Amino acid sequence: MTEPRFTGAVFDLDGVIADTARFHFLAWQRLALEEGFDIPHEVDDRVKGVDRMASLRIVLEYADRQYSAPEQEALAARKNGYYVDLIASLTPADMLPGAGEVLRTLRAAGIPIGLASASKNALPVLKALGVLDEFDFVVDAATVTNGKPDPEIFLKAAVGIGIAPANCVGFEDAPAGVTSIRQAGMYAIGIGNAELLREADEVFPTLADVSLARYFKL
Ligand code: B16
Ligand code: MG
């Protein structure tokens with residue numbers, strides 16, 4: 001990359017801004033154990049960026065029996081209750097490394113910032129972390145018809161911040177989310193495991209490792 005050419009930024013939440021992926025896993029594990037089965041740790045990666053009902057279907061691959069549609073609705077609601085209990089203790093200390101600094105720097109540079117999270121709990125999480133005001137637009141996950149890896153959520157975020165997708169950088173920790181960013185026509189920066197996020201244009205361990213000046217005019 002020669003000179004900074006992007007004018008908008010769109011972030012995923014769980015695993016990029018907020019250290020909440022572990023809470024999703026704990027809530028699914030509690031549900032599974034109550035139902036009489038366990039889930040392996042690899043489920044942690046498999047449900048990243050995947051919406052609630054699709055995540056449940058992954059979890060139920062490890063169950064000993066079939067669950068009807070109404071039973072699945074009830075299970076998803078129960079898991080959400082456990083997750084909501086876990087995030088009640090969230091504070092600004094639960095921001096992932098570099099997240100606060102990156103948001104403040106972009107904001108100071110006048111770069112519009114969007115959130116593209118599959119989570120229907122995104123607003124309370126942003127409030128608990130104290131960063132809701134840093135975002136110009138938050139996509140309401142309830143209005144998204146096709147979840148990640150479909151590009152819909154990142155495209156909605158780009159419309160929301162008023163920047164063409166080709167001029168946006170998308171930040172994601174999940175393979176499904178990276179696909180969504182690429183399909184939307186944005187530049188994809190993966191946060192986390194480079195092996196897992198091979199499809200991204202670049203991957204960094206955390207947001208603290210991203211040199212913003214390479215992408216944005218600060
Ligand atoms: P909820 P992200 C995703 O958030 C999580 O990574 C994924 O594990 C979760 O199932 C999904 O949100 C739905 O969350 O049950 O709270 O609506 O990574 O897209 O910010
Ligand atoms: Mg994520």
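Visitor: Which pocket is the space taken by ligand 1?

Guide: In this predicted model, the space that ligand 1 takes is the largest pocket.

Visitor: What makes the pairing of serine 55 with ligand 1 a polar contact?

Guide: A polar side-chain atom of serine 55 lies 3.2 Å from an oxygen atom of ligand 1, and because a polar contact is a pair of N or O atoms within 3.5 Å, this pair counts as one. By that cut-off the backbone also takes part, since a polar backbone atom of alanine 118 is 2.8 Å from an oxygen atom of ligand 1, and a backbone N or O atom of lysine 120 lies 2.7 Å from an oxygen atom of the ligand. Of the 470 Å² of accessible area that ligand 1 has on its own, the protein covers 99%.

Visitor: Which residues surround ligand 1, and how do they divide into nonpolar, polar and charged?

Guide: There are 17 residues around ligand 1, and the closest are Val50, Ser117, Ser119, Lys120 and Asn121; the shell divides into four nonpolar, six polar and seven charged residues.

Visitor: How do you know that the shell draws on each of the two domains?

Guide: The domain assignment gives domain 1 (8-18 + 93-214) and domain 2 (21-87), and the shell around ligand 1 takes at least three residues from each of them. The C-alpha centres of domain 1 and domain 2 lie 24 Å apart, and the contact takes 10 residues from domain 1 and 11 residues from domain 2.

Definitions and conventions:
Residues are numbered from 1 along each chain as its sequence is written. Chains are lettered from A and ligands numbered from 1 in the order in which they are written. This is a predicted model: local features need pLDDT of at least 70, side-chain atom pairs count only at pLDDT 80 or more; totals for chains, interfaces and linings use all residues. Side-chain values use heavy atoms; hydrogens and water are left out. A residue is near a molecule or strand if one of its heavy atoms lies within 4 Å of it. A polar contact is a pair of N or O atoms within 3.5 Å; within protein, one must be able to donate a hydrogen and the other to accept it, and residues adjacent in sequence count only if both atoms are side-chain atoms. Accessible areas come from the Shrake-Rupley method with a 1.4 Å probe; for residues, only the protein chains shown count as cover. On a 1 Å grid over the protein atoms alone, a cavity is a set of points where a 1.4 Å probe fits but cannot get out, and a pocket is an open set with protein on both sides within 12 Å along at least five of seven lines; lining residues have an atom within 4 Å of a point. A molecule sits in a cavity or pocket if more than half of its atoms lie within 2 Å of its grid points. Ala, Val, Leu, Ile, Met, Phe, Trp, Tyr, Cys and Pro count as nonpolar, Asp, Glu, Lys and Arg as charged, and the others, Gly among them, as polar. Domain bounds come from an automatic or database domain assignment. Contact means heavy atoms within 4.5 Å.
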